[in-house]
Amino acid sequence: MVISSAIKDQTPETINKALDFCVNNRLYSGGDFKDAVIHFGKEKRIQVLPDDTNITLLSKDSLEKVKAKPQVRDIKEYIKILDGTISNTNS
């Protein structure tokens with residue numbers, strides 16, 4: 001039953017990869033096979049983008065924003081904001 005539920009809605013390619021993996025690694029339980037099917041099924045989904053995916057490239061303005069550097073503050077400023085609670089707990 002575990003194997004039957006594991007292969008439901010899976011591609012033959014995913015099932016074959018999982019089976020090959022289990023046989024090559026001497027994994028003979030239904031649970032191991034199910035885990036392999038889940039793993040190889042995820043691998044397949046990651047590689048395939050839906051046809052309606054619209055990928056928009058960054059504009060020149062966006063590229064300039066990517067180059068921006070965040071402001072770096074001294075830790076003492078945060079201690080002051082916390083009203084010295086950090087220095088009191090470390091004592």
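Ile7 counts as partly exposed because its relative accessibility is 33%, the class between buried (under 20% relative accessible area) and exposed (over 50%), with a 1.4 Å probe and protein chains only. This is a predicted model, so local features need pLDDT of at least 70 and side-chain atom pairs pLDDT 80 or more, while totals for chains, interfaces and linings use all residues. Numbering starts from 1 along each chain as its sequence is written, and side-chain values use heavy atoms, without hydrogens or water.

**Exercise 1.** Find where Ile7 lies and which residues it touches.

*Solution.* 
- Start with the helix: Ile7 lies in H1, residues 2-7. Helices are DSSP runs (H or I, at least four residues), numbered from the N terminus.
- Now the contacts (heavy atoms within 4.5 Å): leaving out residues up to four places away in sequence, Ile7 touches Ile15 and Phe33.
- Then try Lys34: it is 27 residues from Ile7 in sequence, with the C-alpha atoms 7.9 Å apart.

**Exercise 2.** Work out whether Thr14 is buried or exposed, and what its side chain pairs with.

*Solution.* 
- Thr14 sits in helix H2.
- Its relative accessibility is 3%, so Thr14 counts as buried.
- Its side chain makes a polar contact of 2.9 Å with that of Thr11. Such a contact is a pair of N or O atoms within 3.5 Å; within protein, one must be able to donate a hydrogen and the other to accept it, and residues adjacent in sequence count only if both atoms are side-chain atoms.

**Exercise 3.** Say what Val37 touches.

*Solution.* 
- Skip residues up to four places away in sequence, and Val37 touches Ala6, Gln10, Thr14 and Ala18.

Methods: Helices (H or I, at least four residues) and strands (E, at least two) are DSSP runs, numbered from the N terminus.
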